[in-house]
Amino acid sequence: MRGAVENSVQDLAARLPAGRVVTDPDVIERYGHDEAEWAPHEPPLAVLRPHSAEEVRTIVRWCAEHRTPVIARGAGTGLSGGANATRGSVVLSFERMNAVLDIDPLERVAVVQPGVVNEDLRTACAEHGLWYPPDPASAPWSTIGGNVATNAGGLCCVKYGVTRDYVLGMQIVTGTGELVRLGRRTAKGVAGYDLAGLMVGSEGTLGVITEITVRLRPKRPAERTVAGYFDSIVSAGRAVEAVVGSGVIPSALELIDRHCLRAVDDWKKLGLSVDAEVVLLGRVDVAGSVGEADAETMRDCFEKAGATWSAVSTDEIESEALFQARRLAYPAVERLGPVLTEDICVPVRAVPDMLARIEEIALRHDTVIANIAHAGDGNLHPLLITSHDDEAARTRAQAAFSDIIDAALDFGGTVTGEHGVGLLKMPGLSRELDPVAMAMHHSIKQALDPLGILNPGKVIDVRDAEKP
């Protein structure tokens with residue numbers, strides 16, 4: 001069997017230019033999984049590094065011939081196991097397809113290959129006075145292809161929307177190896193079904209994306225930062241509800257608790273001597289006196305909700321340090337031990353109650369849960385921290401993980417706001433979707449991937465469709 005596999009991979013290598021197929025075990029092991037703690041994975045047969053869409057098509061056609069699963073991978077920064085290799089699969093890495101192909105200042109669009117790093121695109125757009133809004137905390141490392149695959153969000157999405165709101169069109173390779181363009185480049189277009197939109201958030205299960213056209217915005221005004229300290233996570237949640245209810249549309253409204261702040265400060269020595277259980281960080285980017293009034297309204301919401309201290313920051317360096325702490329929270333907490341990361345989203349009015357429920361779940365399961373959140377749109381990221389080689393703690397954390405998902409659904413929320421379903425959220429998705437909706441998912445998967453080779457076993461389990 002091993003010889004047959006090796007011969008098969010050699011056949012693929014013969015169809016591609018030199019250097020595209022990697023089989024060195026020490027190399028391919030690094031491509032076997034993303035950053036999702038405890039999500040299962042297997043070493044792939046090979047790692048494939050195409051340089052063009054035509055090479056991707058060659059790879060997918062070979063996979064179709066051999067019924068070999070193909071897992072598309074960006075930077076591997078995902079937190080749901082969506083890019084994890086499965087038995088007998090190949091990993092298709094887009095690290096060599098990393099070009100910004102076009103930036104059109106008049107039409108305000110950019111065309112990029114999937115391996116372009118989010119922050120690199122934003123920097124390139126800034127040179128033209130333009131801005132690409134979606135900004136996940138992993139923006140300095142994550143790729144646009146991965147962002148599209150999971151419909152990534154970020155800090156400013158409370159005002160400007162998520163990745164789906166900026167994807168106009170794309171080029172993909174289908175599960176049968178056809179290269180096709182979807183969507184458009186124009187500002188408007190309703191010709192046919194929104195197949196490009198369908199691909200956003202599909203996590204590589206419906207097609208392999210080889211090029212993406214995104215909408216851009218003009219460069220925005222400078223932001224004003226409002227910080228508030230709170231002695232409980234519930235009172236911070238009430239402040240979030242008050243801000244949203246005030247009519248102010250923040251350009252960011254982020255929550256970070258003492259566990260995360262301490263972890264970041266211990267790691268990066270930023271001098272964050274914050275005497276608070278929870279910090280809320282808000283920003284507004286409206287110019288002039290209106291922006292000043294919005295910032296004061298936000299600060300007033302913080303005060304009325306019980307902030308022990310609040311201020312509109314006049315120190316840009318201090319403000320940026322606090323937001324840098326927010327971006328570094330996950331890797332900082334990860335240094336404390338294995339972290340199981342949640343990604344629920346609830347209605348904003350449910351944020352205080354959901355935060356209280358998370359605290360109760362932490363106590364009930366004797367699990368340390370740190371909290372960060374895109375609080376302004378109800379997207380919460382509880383971080384369940386365990387100890388190395390502590391199976392009992394791991395079992396408790398997994399039970400708490402499941403209870404948090406159940407609570408989010410009870411509050412009318414969803415099991416994932418931006419990280420994707422991958423492997424970790426599949427049980428939750430089956431609870432969120434009713435049977436008819438799940439059957440629709442199965443039908444779409446079967447239509448676009450009839451051979452079942454595109455990231456199989458992720459998001460939905462097609463085996464469920466075969467059950468009586």
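**Notebook: salt bridges and a surface patch**

I started with Arg185, which is partly exposed at a relative accessible area of 37% (partly exposed sits between buried, under 20%, and exposed, over 50%, with a 1.4 Å probe and protein chains only). The model is predicted, so I kept in mind that local features need pLDDT of at least 70, side-chain atom pairs count only at pLDDT 80 or more, and totals for chains, interfaces and linings use all residues. Residues are numbered from 1 along each chain as its sequence is written, and side-chain values use heavy atoms, without hydrogens and water.

Next I looked up the partner of Arg185: its side chain meets that of Asp104 in a salt bridge at 3.7 Å, N to O (a side-chain nitrogen of Lys or Arg within 4 Å of a carboxyl oxygen of Asp or Glu). Asp104 lies in strand S5 and Arg185 in the loop between strand S9 and H7, so the pair ties together parts 81 residues apart in sequence (helices, H or I, at least four residues, and strands, E, at least two, are DSSP runs numbered from the N terminus).

I then checked Arg283 and found a salt bridge to Glu320, with the closest N and O atoms 3.2 Å apart. This pair links strand S14 to helix H11, 37 residues apart. Arg283 is buried at 12% relative accessible area, while Glu320 is partly exposed at 39%. Both belong to a network of salt bridges that also includes Lys159, Arg220, Glu223 and Asp285.

My last stop was Arg349, in the loop between strand S17 and helix H12. Arg349 is exposed, with a relative accessible area of 67%.
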